[in-house]
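Dear colleague,

I am handing over the structure below, together with an account of what was found in it. Please read the text with the coordinates open beside you.

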Amino acid sequence: LFTKLSPIQTSRTKYDYDTLKHLCTEKLYNLYISELEMLHQVDLGYHFEDYKLLEAQLYSITSTEKEIKLQIAMKASCISYRQDNENNIVDGSKTDRTIICHELEFTKKISVDEIELNCPNCGAPTKRSVIGKCSYCHTIIDSESTEWKLSKNKVLAEKVLHTDE
């Protein structure tokens, strides 16, 4: 599942909403979009590069008739920085590695049947559609799939390892 996290971080860096939509649940996707739009409004770009897995531990598996959830504690390292529209680094570094401890949850639907859903944004009842938008608030709703999707990404700790350490 780590192979899914790295493209998610890359998609966020490149503002690649289409790729991001297929790797996350609707709720997390909409959270990431809000975050990216806020950064774009203040002319900041967020960059993740060279994402490497250091260790991971599966600590919970739960399932229902409709889905399976895996909860994973993961430690990874990457190059992480933010820069303004003139490419000045305002946070982080292009050379220092950041160690990030995540609490992740991946969800996989067991079957793709015609179930009624609620919009992850406004809660309105809706059915899966080809259009992929809530008819009430127009939030993009990803069609259900049986692929693993990131449903939670909580950063528990971060530490920057300076190149001179």
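Which residue is the bridge partner of L70 in β3? The partner is F106, and this pair belongs to the contact between β2 and β3, two strands that run antiparallel and are joined by 16 bridges.

Before going further, please keep in mind that this is a predicted model. The mean pLDDT of the protein chain is 84, with 87% of its residues at 70 or more. Confidence is highest in strand β6 (residues 149-161), at a mean of 93, and lowest in strand β4 (residues 116-118), where the mean is 66.

The sheet

Four strands, in the order β1-β2-β3-β6, make up an open sheet in which the pairing is antiparallel. The edges are taken by β1 and β6, each of which has a single partner strand, so one side of each is left without a neighbour in the sheet. From one strand to the next the twist averages 20 degrees. Between β1 and β2 the pairing is again antiparallel and runs over 16 bridges, one of the pairs being Q57 with its partner A73 in β2, and a hairpin of three residues leads from β1 to β2.

The helices on the sheet

Helix α1 packs on this sheet and touches β1, β2, β3 and β6, with a direction that makes about 150 degrees with that of β1. Just after α1, Y15 takes a positive phi of about 55 degrees. Helix α3, for its part, lies across β1, β2 and β6, and runs at about 50 degrees to β6.

The nonpolar core

The largest nonpolar core holds 22 residues, and those with the most contacts inside it are L20, Y51 and L150. Two or more residues come from each of α1 (2-13), α2 (17-23), α3 (26-41), β1 (44-63), β2 (67-84) and β3 (89-109), and α3 gives the most, with six residues.

A lysine in β1

Leaving out residues up to four places away in sequence, K52 touches F2, A76, S77 and R97. K52 and K75 are 23 residues apart in sequence, while their C-alpha atoms are 8.8 Å apart in space.

With best regards

Terms used. Residues numbered from 1 in each chain as written. Predicted model: local features only at pLDDT ≥ 70, side-chain atom pairs only at ≥ 80, totals over all residues. Heavy atoms only, no water. Core = buried A, V, L, I, M, F, W, Y, C linked by side-chain atoms within 4.5 Å. Buried < 20%, exposed > 50% of the residue type's maximum accessible area, 1.4 Å probe, protein only. Pairing = 2+ DSSP bridges. pLDDT = per-residue confidence, 0-100. Axes fitted to C-alpha atoms, helices over the stretch in contact; angles between N-to-C directions. Contact = heavy atoms within 4.5 Å.
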